[in-house]
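Subject: Structure handover

Hello,

Here is the structure for you to look over. My notes follow it.

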Amino acid sequence: MTDRSQPQLASLSEKPLIEMQQIVKTFVNAAGEFTALRGIDLTLNEGEFVAIIGKSGSGKSTLLNMLTGIDHPSTGKVIVKGVDVYAMSESKRSLWRGRNLGIVFQFFQLLPMLNLLENVMLPMDYVGMYGIDERPKKAMELLRMVGLEEHAQKLPRAVSTGQQQSAAIARALSTDAPIIVADEPTGNLDSRSASHIIDLFDELSSRGKTIVMVTHDPSMTKRTSRTVVISDGILVNETIAQALPLLSQALMKELSEKVEKIHFQPSETILRSKESVEKFFMIAKGKVDIILQGRRKEDLVISQLSANDFFGEIELIRGGKSIASVRAAADEPVELLAISREDFGWLMKESPLTEKAIGNIVQKRLEEKKQADRRKKRKLLGR
Ligand code: ADP
Ligand code: MG
């Protein structure tokens, strides 16, 4: 619960840039029908660096193809910068894509008869970016950035797979598009080159570009501002994925369908001390104060929890009434995801790792509470 990317998020502008609404994609072929995306709702904000993770075959590449307008959804809408991507004609969409998106394909798709420099210049030619004389210089700068300056004149087949991948990344950056979409961009790179590419993406996102990166490497998500998990064509609730990262993706998905959303106004009481607790709560939005009441009924805030933290587990695990009051913080409303006692019990049984991790947190919190109680006592005794 400590590796949290949420604070970074809060500082972003939170302007919706990409909106996917109820996307369904069914492939029809000789073998029959297969639904690869089953109702995807996803909003991405400007400047976010998003990792999309999920097992092989879960629908990651299909999802990217919906976003880039390369393939079309069976039903649903994709809105990018206010523009309905699939309301455009094919030719308009292709120009729109060139101007707005830099795409790194899973299998690079460099043109084999063009050298790396020419490959990088190609999108510039297509959208008419920079003067003709300027293009080689700009393309060379990009190749330098990904460490390929010395290979600029070589054909793709004359360099390594990793170098081809780096060239594909340089090409995606060539028109300075506001959105970079990359399908497993570090899949063929050694860890040093991979980390260099992530640094590059990180820098681009801090300059306001939006980066959407598919990866099957969960460790990459430490570097992104947000992680979206897809499982069998369904998005896993992001709060669940962050709050309970040790659950299997299948369990995350199952749990996503069981949670109940509850809203509280600023300063509204969520749980009273000594009340029985029947739910496990995860914070989706906002902050909550954990409060002990002093002898003279004054409130002592002993801690504040924020997005992706949880509470209620102590009472569910140990039985008994709430050991403190919980209240929505004063400055903003709170959105919680609640799981019933029964579902919580099921979850602990299904995921021993999660049970252990939560057990550790219970211990830590009880210790903190003890210390807070002691402080309170000392204060009362005037020591
Ligand atoms: P991922 O990128 O997560 O590995 P994909 O998005 O490529 O997964 O594929 C998701 C599912 O859709 C897979 O089961 C795949 O076999 C199927 N699929 C993808 N493209 C097609 C297609 N053109 N025709 C039929 N099935 C497809
Ligand atoms: Mg894929």
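Helices here are DSSP runs of H or I with at least four residues, numbered from the N terminus. E355 lies in one such run, helix α12. Please keep in mind that this is a predicted model.

**Overall picture**

The protein chain has 383 residues, and 49% of them are buried. Its secondary structure comes to 12 helices and 18 strands. Along the principal axes, the C-alpha atoms fill a box of roughly 80 × 55 × 35 Å. The accessible surface is about 19,200 Å². Carbon and sulfur atoms account for 50% of that surface. Now take the contacts between residues at least 6 apart in sequence. Of these, 72% join residues at least 24 apart.

**Ligand 1**

S58 places a backbone N or O atom 3.2 Å from an oxygen atom of ligand 1. For K60, a polar backbone atom is 2.9 Å from a ligand oxygen. For S61, an N or O atom of the side chain is 2.9 Å from an oxygen atom of ligand 1. Taken alone, ligand 1 exposes 560 Å², and the protein buries 61% of that.

**Helix α12**

Back to the helix that holds E355. Helix α12 covers residues 352-380, which makes 29 residues. From first C-alpha to last, α12 reaches 42 Å, close to the 42 Å expected at 1.5 Å a residue.

Its buried residues are T354, I358, I361, V362, R365, K369 and A372. What do they pack against? The strands are β13 (279-285), β14 (288-293), β15 (299-305) and β16 (310-311). The helices are α10 (313-318) and α11 (341-350).

Is E355 buried or partly exposed? E355 has 41% relative accessibility, so it counts as partly exposed.

S351 sits in the loop between α11 and α12. Buried means under 20% relative accessible area. S351 is at 4%, so it counts as buried. Leaving out residues up to four places away in sequence, S351 touches L246, L247 and L251. Just after α12, G382 takes a positive phi of about 70°.

Two residues go here. F108 is not a glycine, yet its phi is positive, at about 60°. F108 lies in the loop between β6 (101-104) and α4 (116-127). Its relative accessible area is 8%, so F108 is buried.

D232 has a phi near 45°, again a positive value in a residue other than glycine. D232 is found in the loop between β9 (226-231) and β10 (234-235). Its relative accessible area is 48%, so D232 is partly exposed.

**M121**

M121 is found in helix α4. Why does M121 count as buried? Its relative accessible area is 15%, and the cut-off for buried is under 20%. Setting aside residues up to four places away in sequence, M121 touches R135, P136 and A139. M121 and S322 are 201 residues apart along the chain, and their C-alpha atoms are separated by 63 Å.

That is what I have so far.

Best wishes

How values were computed
Residues numbered from 1 in each chain as written. Chains lettered and ligands numbered in written order. Heavy atoms only, no water. Polar contact = N/O pair within 3.5 Å; in protein donor to acceptor, adjacent residues only side chain to side chain. Areas by Shrake-Rupley, 256 points an atom, 1.4 Å probe, with all protein chains shown as cover. Helix = DSSP H or I, 4+ residues; strand = E, 2+ residues; numbered from the N terminus. Expected span 1.5 Å × (residues − 1). Buried < 20%, exposed > 50% of the residue type's maximum accessible area, 1.4 Å probe, protein only. Contact = heavy atoms within 4.5 Å.
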